[in-house]
Amino acid sequence: FSNTYRMIEQDDFDIHTRLHTIVRGEDEAAMVESVGLALVKLPDVLNRLKPDIMIVHGDRFDALALATSAALMNIRILHIEGGEVSGTIDDSIRHAITKLAHYHVCCTRSAEQHLIAMCEDHDRILLAGCPSYDKLLSARNKDYMSIIRMWLGEDVKTRDYIVALQHPVTTDIKHSIKMFELTLDALISFKKRTLVLFPNVDAGSKEMVRVMRKKGIEHHPNFRAVKHVPFDQFIQLVAHAGCMIGNSSCGVREVGAFGTPVINLGTRQTGRETGENVLHVRDADTQDKILHALHLQFGKQYPCSKIYGDGNAVPRILKFLKSIDLKEPLQKKFCFPPVKDSISQDIDHILETQSALAVDLGGTNLRVAIVSMKGEIVKKYTQLNPKTYEDRLELILKMCVEAASEAVNVNCRILGVGISTGGRVNPREGIVLHSTKLIQEWSSVDLRTPISDALHLPVWVDNDGNCAALAERKFGHGKGIENFVTLITGTGIGGGIVHQHELIHGSSFCAAELGHIVVSLDGPECLCGSQGCIEAYASGIALQREAKKLHDEDLLLVEGMSMKKEEVVSAAHLIQAAKLGNAKADSILRTAGTALGLGVVNILHTMNPSLVILSGVLASHYVNAVKDVINQQALSSVKTVDVVVSNLADPALLGAASLVLDYTTRRIY
C-alpha cells in the first residue's frame, strides 16, 4: 500500500528519490493513470541519477513504467524473475519488461527456457534462483510460536491455522470477486483460525475489501484480518501453517520452501511451476469445491521444494552484475528455441471424471449411459424404445437431461453426447438418413440439433456398427491395431471397418454394411429386400425364424427343454436345442456360421485386415465356424488372420461414448 519504502529504510538504505505515482481508485483506469504519472516523473529522476544499470523486479505495472523509461533513455536494464508464466495481466507486463530489458536473472530452468524462446540472448541470462529463497532457506526462528500467537491468538497451535492471501484478477474482476466470496464462505464453514491478508491495490481490490466487511471477517472470532505482515514474521507464519489458500505468487513460489500445503485458486498463477505441495482449483466456482480442497490439503506436510532456488541467488547475481561490460552495445540479439510446458495437480482431475453421455437406439430398448474416459459405465438408464418419432425424441431428451443432471452428483464432467443408432447415418450432419425396419419412423431425422440445443453440448451420431468398431479401437482388441474389422452378431448383422486407424464411412455413408454381403444367390429373403445376405442366415431374427419353423413342426424341443405356453420362441431356444443334441437345430447353426464365415472371407479378400473381431450375443457361437471356413475357403495369404470374440460388455454404448471421447482426446492432448 505504497509504504514499502519504510522496510527499505529499516535495512539502512539511503533513498535518493521518492515518487508518488499511485492514483487511487483501484480500477483499470487508475492503473493506467498510475503508469502514465510515473512516465511523466521518471525522466527527470533518471537524468539526475544517471545510473549505469537499472535493476527492475517482477511484473507489477509500476515496474513497467520504470523499464519503459529506462529503455527509452538508453539505460541498461537488469530484470529479475522474468520468463515465468502466470494467469493475469501480470504475464503481459512481465514479458513486456523482458523485451525492454538487456540482462535477465531468472529463478527456474523453465523460466530460462521461456526467455530463450522469447528471443533473448542466452549469454545475457543468468539462472540464479529466487533471491527470497536465500532468506527463506536460512530462516530459523526458535521463537516462532510468539509470532504465531501475536497474529492469531494465544490458543493457536502449529499446523492448525490457515493463511489466506487473495488478489483481484485484473482481466476478470467480477469473477475474482465472486471467487473471493466463495473462498471466505468455505473458510467460515471450515472453522479453523485464519489469518486473512488484505488484497493488493490492483483494480478490484476495493470490491474485495467490501466483501470481507460484508461477511464480518474483521470481527469474526476465527479470523484475523491484516493489511501487512513484516517479511520475517510472514515467513514463520506460512512455514508453520496447516495450509495457505489464495492466488498469490507467494503460495506457488516461496511457500514450497517449507512444504506447507497450498491451495491455489483461479487462473492468476496458471502456468507457474509448482511443487507437489500445491493443489490447483482453477474453476473455483462453488463453495463445495474449495471446501473439498481444504479437506484434502489441511494439515498435510510435503517435502520442501527447491524449484525456485537453493539459497545462493544473491552471490550469483552480484557476480553477474560485475561481469557486465558497460562498453558493449545495447542492441539485443535474438534466437528461437522451443518452450517447455509445466505439469501440476489440478482439483478437477481429483473431483471430476471427464465423461460422455452415450445413447444406444436399439430395435427394442433405448439406453443412455454416463461413460468415463477409461470406458467405465458409471450409470445406465434403460427404457423401451417408443414406436413413433415424436415419443422417441422426447424420451431421448428426457433421459439425456436426467443423466446430465445425475453426472454432477457422481462427479462426472460431460464433454458431449454420442449416439449409436441402426440404419444409414450422415455423421457430419448428425442425421439418420435411412433406418432399418427394426426402428420405425426413423428416416431423415436430425438428432444433433435438438439434443445439442437442449443440453448445450456437442453431439455426435453414427451407425451402430461403426460405433462398435470405435469401441474396439478405444477400449477393446482393436486398440493400437492399424487395420481391423468388427462384425456385430445380434438382432441384425452389422459392422465397422477401421483402415489406417480411421473409420471408413464411404461416399454415401454406406460402408461396412457387412450384414448385407450376399453369400448365396438363392438364399432366404433378407429384411433389406434382397436374398442370401449374411443377415438372412446368421442374425438373431434369422435364427428366430428357423426356430419357429421347427417349433411349429414340433421339431424344436428335445429332452431337457421346456417352454411355457405364452413364451415366445427365440434364437436362444434354437441354440439350447443344438447344445442338447437336436440335429436339425445344430444344422441350422452350422449353416449360419458358414454363411458368416463366407462373408468374413469376402471381407479378408477385399480389405485385408490384420484382425477380425466378432461382437454381439451370438459371437461366441460363431467364432469356431468362421475360423473353419477361413481355413477352407480363404487365400493362403489371409488364412493366418486373427479372429477373436470381443471382450467388451457393451460395445454399443462404449462406441457411442468413443465418438465423444476420441474427439475430445485429440483436442486436448
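Guide: In this predicted model, the C-alpha centres of domain 1 and domain 2 are separated by 27 Å. To the contact between them, domain 1 contributes 23 residues and domain 2 contributes 21 residues. As for their place in the chain, the domain assignment puts domain 1 at 4-129 and domain 2 at 142-297; the assignment also gives domain 3 (347-476) and domain 4 (477-647).

The size of an interface is often expressed as the accessible area that is lost when the parts come together. For domain 1 and domain 2, the buried area is about 1,600 Å², and carbon and sulfur atoms supply 47% of that area.

The specific interactions come next. Three salt bridges are counted between domain 1 and domain 2. A salt bridge also joins Arg268 and Asp90, whose closest N and O atoms lie 3.6 Å apart.

On the side of domain 1 that touches domain 2, the elements giving two or more residues are helix H2 (28-49), helix H4 (89-100) and helix H5 (109-117). Of the elements on this side, H4 gives the most, with three residues. By residue class, the side of domain 1 that touches domain 2 comprises ten charged, seven nonpolar and six polar residues.

Conventions. Residues numbered from 1 in each chain as written. Predicted model: local features only at pLDDT ≥ 70, side-chain atom pairs only at ≥ 80, totals over all residues. Heavy atoms only, no water. Domains from an automatic or database assignment. Contact = heavy atoms within 4.5 Å. Buried area = accessible area lost by both parts, 1.4 Å probe. Salt bridge = Lys/Arg side-chain N within 4 Å of Asp/Glu carboxyl O. Helix = DSSP H or I, 4+ residues; strand = E, 2+ residues; numbered from the N terminus. Nonpolar A, V, L, I, M, F, W, Y, C, P; charged D, E, K, R; others polar.
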